[in-house]
Amino acid sequence: MAANKKLLMLPGDGIGPEVLRQVRRVIEWMDRRRTVTFDVEEGLVGGAALDAHGVAVTDETIAKALAVDAVLFGAVGGPKWEGKGFDKRPEAGLLRLRKDLGLFANLRPATVFAPLADASSLKPELVRGLDIMIVRELTGGVYFGEPRGITDIGNGERRGVNTQVYTTSEIRRVAAVAFELARKRKNRLCSVEKHNVMESGLLWKEEVTALHKESFADVELSHMLADTCAMQLVRNPGQFDVIVTDNLFGDILSDEAAMLTGSLGMLPSASLGAVDASGRRKALYEPIHGSAPDIAGRDLANPIAMLLSFAMCLRYSFDMQEDAALVEKAVEAVLAGGMRTADIMQPGMAKVSTSVMGDSILRALDKLAA
Ligand code: IPM
Ligand code: MG
């Protein structure tokens, strides 16, 4: 039997622990079927790590994250830790993980689940069957650019600075991931920047164009300004297949795309590093939604985004396509059966808790695997 697969779970804050608990149950279910075994370690991140260690992630946790095959991340943040300096915020833990693991490619699918097409704020005919993949650059741009900071410039004035910066290789490696994904989908890539006002955007466009010509001429490439893309996403989202964009635009556009689906509590994401000599890559999987402190600890949260993030982990880190599809099918079966957590509740459906949603998904897995 192949070596156990090593996972690090970082539940974090708010609803993070309760949604990751449902993933644990699916992992135990898989272990029982003996098709695959996982070694699961757990660690602290975000506010939980700040409370215990005074930092949003410790060096030991980073070392563990570097050693495992994949990291499963819940969510970080909450009112308790607001108003602190940037390095004392829960988010600093997530940003350090992304940077130290070199997770430059963030895959954020925006998919509409058929039973939820009516939950979108757009007309159902605009979103039915929607399946967009946003590839967001995750370790560069304004999130990490130097110089940055707030300085006193006298006379009661202060100055806040951040730097938007990209290099050729940073642009090309994320664009390559996006081109390759497009090839496995509808073969269309839209590259998004603001070359009309930003040098970094102009470079982005030129490098993507050059890479396309050199290595991906078979993929249909288009370019769009970020503001136009924001507009087109609500006007006619069906025109998009894969979108590749920088860290900040990707942050914003992926929230917009996620909301179109009417199912923010449903959407997973994968953050991937470069493929190494042994063919493996560092990876972190997390739901798109945040820590939802208002409902934390009340068994109300939707665990589906976290479960689907685990499915992405099976797909991208372990090449377990069948098992990934099994988890996804179980989710769909439960939704088709009318179960809804509060965030996706619709008239006539059955409102269930986090744990009952977990129970139902396990039962659906039993049925599908029988
Ligand atoms: C996201 C989040 C993070 C980001 C925050 C929590 C730092 O909004 O993953 O989209 O801005 O990248
Ligand atoms: Mg965001």
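Let's start at the ligand: an N or O atom in the side chain of tyrosine 143 sits 2.6 Å from an oxygen atom of ligand 1. The protein covers 73% of the 320 Å² of accessible area that ligand 1 has on its own (areas by the Shrake-Rupley method with a 1.4 Å probe). This is a predicted model, where local features need pLDDT of at least 70, side-chain atom pairs count only at pLDDT 80 or more, and totals for chains, interfaces and linings use all residues. Residues are numbered from 1 along each chain as its sequence is written, chains are lettered from A and ligands numbered from 1 in the order in which they are written, and side-chain values use heavy atoms, leaving out hydrogens and water.

**Around ligand 1**

- Glu91, Arg98, Arg108, Arg136, Tyr143 and Asp251 surround ligand 1 (a residue is near if one of its heavy atoms lies within 4 Å).
- This shell holds five charged residues, one nonpolar and no polar, with Asp, Glu, Lys and Arg counted as charged and Tyr among the nonpolar ones.
- Arginine 98 places a polar side-chain atom 2.7 Å from an oxygen atom of ligand 1.
- For arginine 136, a side-chain N or O atom is 2.8 Å from an oxygen atom of ligand 1.

**Domains**

- Ligand 1 lies between domain 1 (1-108 + 263-370) and domain 2 (131-259), because both give residues to its shell; the bounds come from an automatic or database domain assignment.

**Cysteines**

- The whole structure has zero disulfides (pairs of cysteine sulfur atoms within 2.5 Å).
- Cysteine 229 is in no disulfide, and the nearest cysteine sulfur, that of cysteine 190, is 5.7 Å away.
- Cysteine 229 is buried, at 0% relative accessible area (buried means under 20%, with a 1.4 Å probe and protein chains only).
- Cysteine 313 is also buried, with a relative accessible area of 0%.

Methods
A polar contact is a pair of N or O atoms within 3.5 Å; within protein, one must be able to donate a hydrogen and the other to accept it, and residues adjacent in sequence count only if both atoms are side-chain atoms. Buried means under 20% relative accessible area, exposed over 50%, partly exposed in between (1.4 Å probe, protein chains only).
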